[in-house]
Amino acid sequence: SALCSAIRDAVDVYGCRIINISSGVSIDDEALREAIEHAEEKGVIVISSAGNSNQYAPDEIFYPAAYETVVSVGSVNEDMRVSDFSQRNDKVTVTAPGENIYSIPIGPSKDFVQVSGTSFSAAYVSGFAALLLSKYPEISPAEFRQILMETSQDLGEEGYDTAYGYGIISVSGALEYCEAIVNN
């Protein structure tokens, strides 16, 4: 219920255009599905981590990442290989860096820490979405998903696959794609 309230508040109270969800549940919850549908109807891009259970629960599917209108993000490492922990299923939309990412720590330490997980990959894609919306504010959630499908760098098996989705996001590819559409 807290996640559902946060989604609805992000849309209705704060007017967010992008929602990053770095968590998930393993059941298809009706209230969560309705909150995600509400975000889509209001033109909000929702990006969620695909999950980190591949090594011990490879068949696990997480929501809201599994919903059709949510961009589900898996993780790749420095070698552009899907991270061992990253879920692999037909819900993965794209991948982004998510292994050995430098971050601020939780707690009193002043030093950066290295972290890994699809949560960090989702944040990466959320930052990418913010960049794209700053230049092309009229992009709808469906158009954003189409841009990802058209411009991500294919990795793994040719075409869409369950490990990489459509591939790793390409900022330059997406910007070129949008510019070509605007100029035509």
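Buried means under 20% relative accessible area, exposed over 50% and partly exposed in between, with a 1.4 Å probe and protein chains only. Keep that in mind as you select residues. What you have open is a predicted model, where local features need pLDDT of at least 70, side-chain atom pairs count only at pLDDT 80 or more, and totals for chains, interfaces and linings use all residues. Residues are numbered from 1 along each chain as its sequence is written, and side-chain values use heavy atoms, leaving out hydrogens and water.

**Stop one: aromatic pairs**

Start with Tyr67, which is buried at a relative accessible area of 8%. Rings of Phe, Tyr and Trp (its six-membered ring) pair if their centres lie within 6.5 Å; planes under 30 degrees apart count as stacked, over 60 as edge-to-face and the rest as tilted. The structure holds three such pairs.

For another of them, select Phe128 and Phe144: the centres are 5.8 Å apart and the planes stand at 45°, so this pair is tilted. Phe128 sits in helix α3 (residues 118–135) and Phe144 in helix α4 (residues 141–151), so the pair ties together parts 16 residues apart in sequence. Both Phe128 and Phe144 are buried. Helices (H or I, at least four residues) and strands (E, at least two) are DSSP runs, numbered from the N terminus.

**Stop two: the backbone**

Go back to Tyr63 and look at its bond to Pro64: this peptide bond is cis, with omega near 20°. Pro64 lies in the loop between β2 (45–49) and β3 (70–76).

Next, pick Met80, in the loop between β3 and β4 (94–97). Met80 has a positive phi of about 65° although it is not a glycine, and at 31% relative accessibility it counts as partly exposed. Then try Asn100, in the loop between β4 and β5. Its phi is positive too, near 55°, in a residue other than glycine. Asn100 is partly exposed, with 33% relative accessibility.

**Stop three: helix α2**

Which residues of α2 are buried? Select Leu32, Ala35, Ile36, His38 and Ala39. They cover an arc of only 155° around the axis, which puts them on the same side of α2; the arc is that of the directions from the helix axis to the C-beta atoms.
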